[in-house]
Amino acid sequence: MDEQRPTRRGRRRDRLVYLGSHPVLFALLAATRRAPVRRIGRIVLVHDAAPFADALRRVPLDRSAERTTAGAARRATGGDGFLFDQDGAGHRQTRRGAASVFGADGVARLRPVWLEVLRRRLAPLGDGGEVDVVDLVAELSGASTAAMLDVSVPAHALTAAARSAAALAARGHLPGLRWPGRARRDRAATASAAAELTRLLGGPADEAARAGMLAVASINTTVAAIPRAVAWCADDRLWPAADRADSRTVLVAELLRVTAPSPVLPRVVAGAAEPTSTAELAGTRLRAGDRLLLVARHAARADAPHPNPDAPVPVAVGHLVFGTGAHHCPGARLAHAQLDDVLAALAPYRPVVTGARVDRRSALPGWARLTVRATR
């Protein structure tokens, strides 16, 4: 096999996670892609980088509204939205606290946890066996999050609880048919999942809810992103770049760009944007209560070009998968570090994908199973 000639199978396989898990959402995004901003009734879809960044930096947003990221966080954890629905001084204080968790020192403290999981779980590749990358990452993210929160919880149990809570909470703002009675059943199931997550984490209710929010955010994006990135790396024969530290850093950013773990950021325009105001995006006037669907995967150019460590997109564009402005994702450093170490550990084996199954129940597009075996 010629390692230096990339294929384009990675994008074809990755498209399956959207078609299999969120087909209505994917169809809506594809149908409106040509316009930088498109209004459909009270929904405003934002695709291009400039209006996407403008919406997050300048447009007044109702950060406590239902059917937003903060709303999903509250449903998933049974508490407030913590980082997601705060603003002003309270948000700045919370982010300073989060910096100790997600900053360089925090990542360095957690790194031995996931390196031990990688060493142990990847050992079968050296003996000709197969490894399910999704199950591996489920343990890796659960163990890292438990260490981050300083709780003694089995890794797989924490991951399962966080993913279940997020999947049920996300149903409320995904497009699709609503069967009679479904909303009521979903609310009951979400409340039960949130209670199980906070019970698992223990401690006072408000502290458990905040810990649950961090667990939901960290675990779900990690389990969605890393297996998809590994599949893309295997399908497009990117392992030589993953085997070198200098090119791997660029490759990690490119893979996070094209996988865009949180492809859409749902927001609601705040009451300050009255019909007579000048709040607008790319010529589209915004009204209070408008629901914004900020398409991070399009703003970051996840749909093109292919990941290329030799010709990456500008960093400022690719980093939009983590948002921008005061509310950008504080876990970006952690995401880069974990994917970097996973690719470094896998690269010497030059693995290929032997089996894959889409997760049709997850909050974020991803794989339910992704098995690989070594070619070296």
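This is a predicted model: local features need pLDDT of at least 70, side-chain atom pairs count only at pLDDT 80 or more; totals for chains, interfaces and linings use all residues.
Trainee: Where should I start? Which residues have the most contacts inside the largest nonpolar core?

Mentor: Begin with the general idea. In soluble globular proteins, nonpolar side chains tend to be buried together. Now the case here. The largest nonpolar core has 97 residues. Phe52, Leu158, Val230, Trp239, Leu255 and Leu343 have the most contacts inside it.

Trainee: Which helix gives the largest share of this core?

Mentor: Helix H10, residues 205-235. It supplies 15 residues of the core. There is also a second, separate core, of six residues. Leu29, Val264, Leu293 and Val295 are among them.

Trainee: Leu158 is in helix H8. How do I read the length of H8?

Mentor: Compare its reach with the expected span. H8 covers residues 155-170, which is 16 residues. From first C-alpha to last, H8 reaches 22 Å. That is close to the 22 Å expected at 1.5 Å a residue.

Trainee: Which residues of H8 are buried?

Mentor: Ala155, Leu158, Thr159, Ala161, Ala162, Ala165, Ala166, Ala167, Leu168, Ala169 and Ala170.

Trainee: Now charges. How many salt bridges does the structure hold?

Mentor: The idea comes before the count. Side chains of opposite charge can pair when their charged atoms come close. This structure holds 18 salt bridges. One of them joins aspartate 14 to arginine 228. Their closest N and O atoms are 2.7 Å apart.

Trainee: Where do these two partners sit in the chain?

Mentor: Aspartate 14 is in helix H1, residues 9-21. Arginine 228 is in helix H10.

Trainee: Is aspartate 14 buried or exposed?

Mentor: Aspartate 14 counts as buried because its relative accessible area is 6%, and the cut-off for buried is under 20%. Arginine 228 is buried too. Beyond residues up to four places away in sequence, aspartate 14 touches Arg228, Trp232 and Val258.

Trainee: What is the partner of arginine 42 in a salt bridge?

Mentor: Aspartate 290, with the closest N and O atoms 2.6 Å apart. Both partners lie in loops. Arginine 42 is between strands S1 and S2, and aspartate 290 is between strands S6 and S7. They are 248 residues apart.

Trainee: Why does arginine 42 count as partly exposed?

Mentor: Because its relative accessibility is 39%. Aspartate 290 is at 0%, so it counts as buried.

Trainee: Which residue pairs with aspartate 340?

Mentor: Arginine 248, with the closest N and O atoms 2.9 Å apart. Aspartate 340 is in helix H15, and arginine 248 is in helix H12. Aspartate 340 is buried, at 16% relative accessible area. Arginine 248 is buried as well, at 12%. Some salt bridges share partners. They join Glu116, Arg119, Arg120, Arg121, Asp135 and Glu139 into one network.

Trainee: Let's turn to strands. How many bridges join S1 to S2?

Mentor: Read direction as well as number. Four bridges join S1 to S2, and the strands run antiparallel. Valine 37 stands opposite valine 46 in S2.

Trainee: What does glycine 41 do in the hairpin of S1 and S2?

Mentor: Glycine 41 takes a positive phi near 65 degrees. The hairpin has two residues between its strands.

Trainee: Now single residues. Where does histidine 328 lie?

Mentor: In the loop between helix H14 and H15. Histidine 328 is partly exposed, with 30% relative accessible area. A polar atom of its side chain lies 2.9 Å from the backbone oxygen of glycine 325. Look at leucine 56 as well: it is 272 residues away along the chain, yet the two C-alpha atoms are separated by 8.7 Å.

Trainee: One last residue. Is serine 141 buried or exposed?

Mentor: Serine 141 counts as buried, at 1% relative accessibility. Its place is in helix H7. Not counting residues up to four places away in sequence, serine 141 touches Thr159, Ile219, Thr222 and Val223.

Notes: Residues are numbered from 1 along each chain as its sequence is written. Side-chain values use heavy atoms; hydrogens and water are left out. A nonpolar core is a set of buried Ala, Val, Leu, Ile, Met, Phe, Trp, Tyr and Cys residues joined through side-chain atoms within 4.5 Å. Buried means under 20% relative accessible area, exposed over 50%, partly exposed in between (1.4 Å probe, protein chains only). A salt bridge is a side-chain nitrogen of Lys or Arg within 4 Å of a carboxyl oxygen of Asp or Glu. Contact means heavy atoms within 4.5 Å. The expected span of a helix is 1.5 Å times one less than its number of residues. Two strands pair if DSSP finds at least two bridges between them. A polar contact is a pair of N or O atoms within 3.5 Å; within protein, one must be able to donate a hydrogen and the other to accept it, and residues adjacent in sequence count only if both atoms are side-chain atoms.
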